[in-house]
Amino acid sequence: MRSISLSLLAIALLEVTAPAYGSPQAMKRKGGNEGGGGSGGNANVISTAANSKNSVCKPWYAIRDDIMGGIYGGRCNDAARAAVRLAFHDAGPFSLARQQKNLPNGAADGSLLVENNGGEGNRAENNGLQNIVAALKPIVKKYGVSPGDVLHLAGTLGVIACPGGPVVRTWVGRPMLLKNIAPDGLLPNPNSPVSVLTARFADMGFNVRELMALIGAHSTGRQRFVNTTLANEPFDSTIDIWDVRFYSETQNAAAAPGTFRLNSDMAFSRDSTTQKDYKRFVGNQNDWAEDYSAAHEKMSLLGISKSTLTDCTEIMPQAIDLKNVAVSSSNSGKSSGDAAIDPAKLEAEIRRTRSIWLN
Ligand code: HEM
Ligand SMILES: *[C@@H]1O[C@H](CO)[C@@H](O)[C@H](O)[C@H]1NC(C)=O
């Protein structure tokens, strides 16, 4: 028998008891955002290369560990947040109208990780992404994989690194060669009117409901450059939690103390063309998780032909269900996402589901 470390053995033993993530049982829920085999104490929480279901995905376990462990330390840190924003800034300049005219149209191609990328990385709109770009570039080189795959894996891992973040279906196989340096001026400005913003997202391929789900990513974000006097103020009162507090606090008349609200987010919560879809997610963590997961997957594939891709969602760890870490657990089986979090329960859940990546 080969020698095997105790912790690996423990993981191997746990894996016998529950369907691996990505198995038909685990994936039967649409969107697959339940994560590993449920929330029980002995579920398969972190899959390993040894149990890979698809040989194409096998090398991606090490890449996952370099990002989730080496860069995020298993936690919702600044790098994890920046990677979620990076995923949007890479894919967001995609334009259906420009694609139809055969003009450069952006894509979820990892162009922000490529040298000589037409100055894309130096644009003001990408300010604040320098550290995550610098951390991810060596991974592209080390493994010889495409920049788009690394960038968008970092994005889906960034989501799940934040407690409450759902599993987002994760694909690999984007082209190695950069086709589309994103045109300038296509990322949204927080001071644009709602009609301009919804039109820009429609040109990416997103309807209003998808846009309202996507902006919930601000639940774990902060601003640095919109108002430098108030730099580092978070968009909601729980920056470390991927929850729907962002939606309730942004629609309120007054900001929660110490938080910063983007004009665009406030306008979405109030405008007659977006309000209905916005309010869908207020106090509804489960619906948001499902919608967000599907919309983020779509974002990670903008301008990319799916025919060459492989679904490697099997590498994703189990999502942390906020109802298991709330101060008082509800028995409704649903999570409002607004419930107060018990820090001790949360830490125990992070230790259970992120063990191999914690420092
Ligand atoms: C109307 C659409 C959007 C606008 C106007 C917008 C604008 C902004 C602005 C101005 C910031 C602060 C930048 C800074 O000063 O440091 C920010 C941060 C952020 N945005 Fe957006 N955003 C939009 C959509 C999205 C989408 C679709 C995602 C991802 C799905 C996203 C993810 C993030 C994240 C995670 C941060 C925080 C980054 C950090 O804390 O380091 N945003 N956004
Ligand atoms: C930034 O915030 C400060 C403090 O609230 C405010 O006085 C100032 O007008 C803001 N600046 C901008 C550019 O909005």
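The exercises below concern a predicted model of a protein chain with a ligand.

Local features here need pLDDT of at least 70, and side-chain atom pairs count only at pLDDT 80 or more, while totals for chains, interfaces and linings use all residues. Residues are numbered from 1 along each chain as its sequence is written, ligands are numbered from 1 in the order in which they are written, and side-chain values use heavy atoms, without hydrogens and water.

**Exercise 1.** State where pLDDT stays under 50.

*Solution.* Start with the term: pLDDT is the predictor's confidence in each residue, from 0 to 100. The chain averages 88, and 85% of the residues score at least 70. The stretch under 50 is residues 1–43. Where pLDDT is low, the predicted coordinates should not be read in detail.

**Exercise 2.** Find which helix gives the largest share of the shell around ligand 1.

*Solution.* Helices are DSSP runs (H or I, at least four residues), numbered from the N terminus. α4 (78–91), α11 (263–270) and α13 (285–299) each supply at least two shell residues. The largest share, three residues, comes from α4.

Notes:
Contact means heavy atoms within 4.5 Å.
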